[in-house]
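Let's take a friendly walk through this model, starting with some strands and ending with charged side chains.

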Amino acid sequence: MKVLVVGSGGREHAIAWRLAQDARVQTVFVAPGNAGTALTAKLQNVEKTDLNELADFVVANDVAFTVVGPEAPLAAGIVDLFRARDLKIFGPTKAAAQLESSKDFAKAFMKRHAIPTADYETFTDAKAAHDYVERKGAPIVIKADGLAAGKGVIVAMELAQAHEAIDQMLEGNAFGDAGARVVIEDFLTGEEASFIVMVDGNHILPMASSQDHKRLLDRDMGPNTGGMGAYSPAPIVTADIHDQVMREIIRPTVDGMAADGIPYTGFLYAGLMIDRNADGTASVKTLEFNCRMGDPETQPIMSRLSSSLVDLVQAAIDGRLDEVQAQWDKRVALGVVCAARGYPQKPEKGQLITTLPEDSESLHVFHAGTKATAEGTVTNGGRVLCVVGLGDDVRSAAEKAYEGVKAVHFDGMQYRTDIGYRAMK
């Protein structure tokens, strides 16, 4: 069997690596891939990003199915294109991917279907946005409506920061077309978690819970990033909260999309804010939807998946997710992102990665922003690597991961030293 994974980041490396564990898989093509996917057994990079060329490649190479990693090809309609050519692909259609590609679409959808989320308003006019922020006060959250590579969210703790974000997005073109419209929503308190499921249009298969760390610096300080580390499972997602999320958020989302005539297929990621009410019950609200697996959450999740990802994806494509189950390693997996100097604003590229730790049963290194050159592997993006350790608890998984991080060397490397701190007793 030959399969294709579309993308070039750490998420795609982890998905491709897990698919390759299946003995039935001969080759996992990764388009375009990175230096890590080029070096991993059974993985082969394909230097193509054009969607029509990818479809032609799938036909020419008898690819059994395609898994889409990042949001951009989904928003561009890769699933619609492949299905029109009767090619098997796992992901949402362009219309369904609006849950991520438009924050306004997602918020209006949640409001329409009574899915718990923060109150909000949408603006294209800067003055109206400034007036709204003045009325609401701080803290408040400013979001670019469109895709901004995980960086289009400003959590403004002071009014001046909120006004600056509005000016940058609506008048300064900081995020291009993605920021031509902004969603301004209430600030929520609590603890964040990531809840990812597979959907076949009707049936839902939950993945292992996870929690990521968005801020650049230790103790959740500094600017927002695409994610500086993650671990799975997330203790905050208890069995009761898991059931509550499925009942109040995930099931209504899948049913709501179907009712709106946009059946959802693919990975669905709900970013959650979990808080405790005065009576001890949990308040769970949806911060955002992503129409794919999270990054860096995918790396720990795939490190823990012990059942065949091939079986799960094929069942999802065929509409029979109710017939399969996902099995998980009981250990905790924790991933630490090694980022380039200047990330997230202006990451430095081209630094030679001189050493990397050896992969083992309890340590995996997933590449993201890397490129193979004649001199060796060099940095080629903001988040360069994710080093995942497995252990019996969060602390031992962190120790294993940081042991691996110490063996990584490239000029300007930065990383957080406290991934998993919320879950350590």
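In which sense do strands β1 and β2 pair, and over how many bridges? Strand β1 (residues 2-7) pairs with β2 in the parallel sense, over six bridges. Keep in mind as you look around that this is a predicted model. To get from β1 to β2, the chain passes through helix α1 (residues 10-20), and this β-α-β crossover is right-handed. If you want a spot to check by eye, find G7, whose bridge partner in β2 is P32.

Strand β2 (residues 27-32) also has β3 (residues 43-45) as a parallel neighbor, joined to β2 by three bridges. Here F29 has Q44 as its bridge partner in β3. Strand β2 is mostly covered, with five of its six residues buried.

Now for the charged side chains. Side chains of opposite charge can pair when their charged atoms come close. The whole structure holds 27 salt bridges, and one of them is between K88 and D318, at 3.7 Å from N to O. K88 sits in the loop between α5 and β5 and D318 in the loop between α12 and β18, so this pair ties together parts that are 230 residues apart in sequence. Both ends are partly exposed: K88 has a relative accessible area of 46%, and D318 has 41%.

A salt bridge also joins D220 and R422, at 3.3 Å from N to O. D220 lies in the loop between β13 and β14 and R422 in the segment after α13, so the two tie together parts 202 residues apart in sequence. D220 is partly exposed at 23%, as is R422 at 40%.

Definitions and conventions. Residues numbered from 1 in each chain as written. Predicted model: local features only at pLDDT ≥ 70, side-chain atom pairs only at ≥ 80, totals over all residues. Heavy atoms only, no water. Buried < 20%, exposed > 50% of the residue type's maximum accessible area, 1.4 Å probe, protein only. Helix = DSSP H or I, 4+ residues; strand = E, 2+ residues; numbered from the N terminus. Pairing = 2+ DSSP bridges. Right-handed = clockwise from strand over helix to strand, strands pointing away. Salt bridge = Lys/Arg side-chain N within 4 Å of Asp/Glu carboxyl O.
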